[in-house]
Structure formats: C-alpha cells, structure tokens
Amino acid sequence: MSVIPLEGHWASESLGEGHVVFNAEGIHCGNCARSIRKTLGELEGVRRVDVNVVNNRVSVDWDTSKLALGRILGQVSALGFKPVPLVGEAAAQAQQMERRLALKRIGLATLGSTQLMMYTVALYAGALQGIDERIAEYLRWTCLVITTPVLFYSGAPILRGALADLRRRVLGMDVTVSLALLLAFFASSWNTLRHSGEVYFDSVAMFILLLLIGRFVEMRGRHQAAQVTDALAKALPTMAQRIRSDDGVVERVPLAELRIGDLLRVNTGQVIPVDGTLACDSALIDEALLSGEPLPQRHVRHDAIPGGALNAGSALTVRVSRLPGESTLHELVRLLERAQSERPRLGLAAERMASWFVVRIVLLTVLVGVVWQLIDPSRAFPAMLAVLVATCPCALSLATPAAIAAASSRLAKLGVLVMRADAVEGLATVDTVMLDKTGTLTLGSPRITRIDTADGWDATEALRIAAALEAGSQHPLALAFREHQHASWRCEDAREIAGEGIEGTVDGQRWRIGQPGITLTDDRGRHASFEVTDPLREDAIDATAALSALGLRLVLLSGDRHEAVQRVAETLGITSAHAGLKPTDKLQRLRAAQAAGRRVLMLGDGINDGPVLAAANVSMAMGRGSSIAHAAGDLLLLRESLQSLPEAIRVARRTLQIVQQNLRWALIYNLAAVPVAALGFMPPWVAAIGMSASSLLVVMNARRAGALPAGGSVP
Amino acid sequence: MMASMMLLIPLSLLMLGAAVWAFFWAVDKGQFEDLEQPSRLALEEDQPPNADATTDPPPHS
C-alpha cells in the first residue's frame, strides 16, 4: 500500500465533520465506483460517500472523532486505486502524468499496429498465392515480438482494470475486453509455436489502439471539466500585501496569517486574496472568474468585494471581512467539488444496463463456442472472439457521463454552475418556470427614484432626516435609505408604529415618516415625499420573452403587493402572476402545479425561497457575492444576467437529446452485431473496428453537448 | 530471398524501436502539452505579463 502525504489542503473540517474530495486514478466503470462506495461505507464514522465515474472523483463526509483521513485514503489505495489531491500542483502534475502515459501507450500501439498490418498483408497474400513456409513462420514470430509490448504496455490499463474487477468479484467491461485480448494473443502464440492455424496479432494490436483512442478522448473531456474548479482554486494567491496599522508599512504575509479587519493592498492586475470591503474611494473590479460577467465593474468605498476577483483599475486597499478558508471562492470550490463527485441518475441507469450486458455476453460467447464446436470446430474460436469483441458495452457506459460533463463545463461558461448532477436532466425536461420577483426579476435593492419637497425645502436635508429615522427599521423599503445615512444626523427615540410609520426626534425636532406612501412630516407641516422602487433587471424582458419562445409557461410568485407584482407582470408579459404570497403559499402553488403534471423550474434568490426551491423539480438560485454559501439550488446563476437562463435550458435540452441518441445508438449497434458475429460472418478484426468505432462515435457525439452552434437554436 | 528477409525484417524492427523511442522522448519533453499557443508565440509583440508579485514596484504609501 502506498503512503499518501497528508497535507492541509486535502480535507476541510468543521464541528467534527470532515469533508474531502480527491481523484482516484484507475476508476473505469460503475463497478469500480460501487466497490469504493461499499468499502468506504462500511468504515465506522463515514457518513456519505460519492464516487463519480466521469471525472474519477471521490467525495467523503466523515466523523473526525471516529476516523482519520489516512484510513479512508488507505482503503482506497488498498482497492487498487491511487488517491490524488484535487487542487494545486499535485493534481495538475497527476493530470500531466496521466496524459503523457496515455499518449505513449497510444504511440506504441499506433506504430506497432501499422507495422503489424504490413506483415499481416504479406501473410494473407502468401496464404492466397503460396508462400515459403519458413518465411511465413518468420513473419509470425516477428508479429509475436511486436504484439507483446503492445499488449502488455499499451494494453496495461485494460488488463489491470480487469484484474481489479475480478479481485472484487464483479464483471466489468474490462473483463470481456481483456478476455478477448488474452484469448486472441495466446491462441495466436500457440499457433505460432505449433506452426499451424490462424494468427490474430493484428486484431489484438488494433483493438487496443482503438480502445485507447476512445479512452483518450474521454480523458480529455474529464480534464476539461475539472479545469473549471481548478481555475477557481488556483486563482487565489498564497501571499497578501498587508498594510501595518501602526506605521503604514506594506509587508508580504501568507494568507493564513490574515485576521479580520486587516488592511490589504492589491496592485493593478492582481487578484484580491480574500473577501473584504473596499477601503479606498473607488475601484474597478473584474469578477469574470466568479460570475462570468465579462466587464469590470466600478465599486465604491464599503462595497463588499469577493476574494478571487481581479483588480482591473489602479492599486486599491481592501479590509478583510472573512478569513481565507471561509471566503466566497473557497465555498464555491467546495460546493462545486461536491456536485462534481455526485453521480447523475441517468448515468446510473446506463451503468446498470452495461453490467447486465456483460454477464449475458459471456454466457452467449460460451454458447456460440459450444454450438460451433458441434458444427465446425475450426470456426468456433474466431466466432467466439468476434462475439466477445463486437458486443462489449463500452459505448453504453460512456454514453451519458461524457455528455453531462461536457454540458456542465459549457454551462459554467454561461455563469451557471451545476450543483447537483441531476440538474442537467431536470433542466431539459421542465415545462413551467416559476419566478420570484424581488431579487430575481428585480435587482433586489430598492432605490429612491424621486424626492418631492414642499416650499423649496432642500431635498438632501429631507433625505438625511428620513435616513436617520429609518436607520433602525427592518422594513425592506428602509434599505433604500441606508446608503444616505449621515453621521451628524441621528435619531434618538425612533418608535415604529405598525402599519403607520416611524416617529422620532432628529436635531431637536419631532418627525414622522410613513403613510400615505412614504412621506416625511413635522409638526409645522413641512413635508417631503419619496418614491421608492425596486427596478427590473435590464435583461428581464428579453429573458422572459426567450423563455416563452422555448415553450415554457411562466408563473410569477411574489410576496409583494398586488400593484407592484401586476406592474412587473404586465411589463414582462407574464399572464399568470400571484401576489401577496407567503413562503407556504408559494409551496402550495408549486405542489398544485406538480400535481397537475407539470415539471417546474423554480428561480429564486436562494435565501428566502429555500423550501420552494427544494420542492421544485429543478431549481436555480441567484448566487451573488457573499450569499453564495447559503444559496440552496440545483443550479447557481452567478451572472447578473437572466439571459443565461434560456441559454442554459437550450444547452440542457440538447444534452438530453445527445444522451438519448447515444444510448439508442449503442443499443442498436450491440443488438445488431451479436447475430452477425455469432453466425461467424464477422472476422475478429472487423468486430474490433466496429466496437471501437461505436464507442468513439458516442464519446465524440457527447462532446457536442459542450459546444452550442452560433444562433444556438434547438428544434 | 530468405537472406534479404533475414536482414530487412530485423532492420524494420530496429526502426520501429527507434520511432517508439523518439516518440516517447518527445512526449517526456512536453512537445505535445500545448498545441495551440506556441504557433502564435512568434506573432506576439509584447513580453507576457509577469505574474509574480515580487517584481511589483514598491507602494507609494
């Protein structure tokens, strides 16, 4: 058993609960995943195990008081898999190693099989036209010499996979492939030794080459999917420039030494290392990595700045508001890792189908062998080989996970993060979209849009008095006044009268703010009225129109007043709008729609809508800035743009289409190939090409899910 | 006939070995790591920006 170095970044721990995500090299199929889940699940203290076949990720939650991380990693390596840390240098190096080794294996198999093909042509020609038996034997020996390294070096991952499967007493697809390879190789070697009979060396080498190409394409897809998280994780610098509070000298310190309240300097073009608030007057911040928002945004003093954003303007100072381990970026990486280690339900179905196939293929092969033995013993072996090779359910196992992985990285580019593996399937099949208003269709931050003052009274003064009165209020509209608060205007005895407004003394004067509308009045009759609105997002109209065009029914659910909801609904052309709903009412509406057979996507701000989001068939939360960590949703919209939503649905529909295409193709191919191979019409090399081409086709087709053509329409 | 085969086939095996060795060497040297960037490198006008923070000018505070 290999000893794994235990470093801080392997795992995170809070309140006795540990969480770790790592890559386990060597996972090829559902059976590998199942054995890891089973073995780890039996350890005392393990609470949750998830294994993803597509990106080889294992995610474990465990009780740190009962179990050490070393035991978990040790168990995984005892099963024959190599645990590799996900983030940082080691993960990148492991990926590079994997890529280089795969390239070498493909290179040897390519050179070997082209060479073998030439000798085989000579042998075939000789068989037809007559050949000196000594030369034929010489050629067969040469083939044996070339095929040996191709089988045992290039084919090593396949053989090793089969061995691991057998050790765990399961039948994976590596088993049938290895059985075919070894049977063909040793039968050919035996025939070479005894100077008679057919040799299949060229088929062996070609089969290995084609299998390796399929796996290489699949590996590239997996590495690309991992890049999204890795890019996030690598974005954070390890050092920060801290401004010492006593003498203002700038010193470079590791992130771990930062404390809340520290003042940091961030130079132009550098990454802001932790979540903080802006401590200089203004700054230009590029959050492309976090939200996909392409343009840098202007921020002013006291604005919250997420760690991982880039300083696109001049040097700035920022005050640390959260410790590095708790920052937005870390939370995001953790959530994403968890999501990526989950197995989609769609993939599970395909996996089960594949292992069902393997058992039957082996039985069928034996049957074919027995029958041919009775009819014509010389044709029994090639027929068995052809059945074994042609029917390998590789394409079936690859069909779904590859497409989901490609779609996830495509969605990430749209600013939509897939937090739950089933979300892509869910998104593709919804027919109703329920929208929350405040914070979803609108910006969620009420603003004062107009101030009317009587008798030429100064609007600024009125605003400051109002802000002082509203300072202690929890009313949502009070938020609009918050940014206008001024230190020299204080309210001493603010008193909230429910449904009426607020009364208090400001600057020695009694004031009242409240009904009708929002009006500020004093005893002498001076008054000012404020208009507060929560503006619609700029692209809300385009986005809702695009959703309707996709054939989705839109429903607006809001807790807000009737008039406000009606106005928004009319602007957006939504016919079904419900106002004044409490969270339980929203849940009821959702359940009613589901009971009527509708599949619902709920779009909400992710914080207040928690239960409704959880009940929907699939949910998308608006995750912005520091709220990301609390957001509950299958998908997370990181961009301040609703336009990503229709686009994401298009990607999801397309992905589901591709998955179904793939499954159908794999099934048709396998069912068609079996009788042809069993009847002996298919030489082993044709079977090898057919099976591998089928897998390759499926994987390549899956990668289409990652690319949306210009125009992006889906039938 | 047999004599020429005796010579040529081992020769082809040697060449195969040489080709495999050359390919493995190229992979180890990272020749296939990035097939996109290097082709454009000659057209770049500026030096790539230095990401290392230590070379930043000292702050003015």
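Predicted model: local features only at pLDDT ≥ 70, side-chain atom pairs only at ≥ 80, totals over all residues.
At roughly what angle do the axes of helix α4 (residues 133-154) of chain A and helix α6 (residues 173-193) of chain A cross? The answer is roughly 155°, and the two axes come within 10 Å; here axes are lines fitted to C-alpha atoms, for helices over the stretch in contact, with angles running from 0 to 180 degrees between N-to-C directions. That makes α4(A) roughly antiparallel to α6(A), the term for angles over 145 degrees. From α4(A), the contact is made by A:Arg140, A:Trp141, A:Leu144, A:Thr147 and A:Leu151, and from α6(A) by A:Leu181, A:Phe185, A:Ser189 and A:Thr192. Residues are in contact if their C-beta atoms, placed from the backbone, lie within 7 Å. Five of these residues are nonpolar, three polar and one charged (nonpolar: Ala, Val, Leu, Ile, Met, Phe, Trp, Tyr, Cys and Pro; charged: Asp, Glu, Lys and Arg; polar: the others, Gly among them).

Residues are numbered from 1 along each chain as its sequence is written, and chains are lettered from A and ligands numbered from 1 in the order in which they are written.

Chain A holds 22 helices and 27 strands, taken as DSSP runs (H or I, at least four residues, for helices; E, at least two, for strands) and numbered from the N terminus. Of its 715 residues, 45% are buried, that is, with 20 or more other C-beta atoms, placed from the backbone, within 10 Å of their own. Helix α21 (residues 644-678) of chain A has 35 residues and should span 51 Å at 1.5 Å a residue, which agrees with the 51 Å between its end C-alpha atoms; the expected span is 1.5 Å times one less than the number of residues. Just after α21(A), A:Gly680 takes a positive phi of about 85°.

Strand β6 (residues 239-243) of chain A includes A:Gln241, which counts as buried because it has 21 C-beta neighbours inside 10 Å. Leaving aside residues up to four places away in sequence, A:Gln241 touches A:Val250, A:Arg252, A:Leu264 and A:Arg265.

Chain B, for its part, has two helices and zero strands, and 0% of its 61 residues are buried. Contacts join 16 residues of chain B to 20 residues of chain A. On the chain B side, 13 residues are nonpolar, one is polar and two are charged.

Conventions: Contact = placed C-beta atoms within 7 Å. Buried ≥ 20, exposed ≤ 12 C-beta atoms within 10 Å, placed from the backbone. Parallel < 35°, antiparallel > 145°, perpendicular 65-115°, else oblique.
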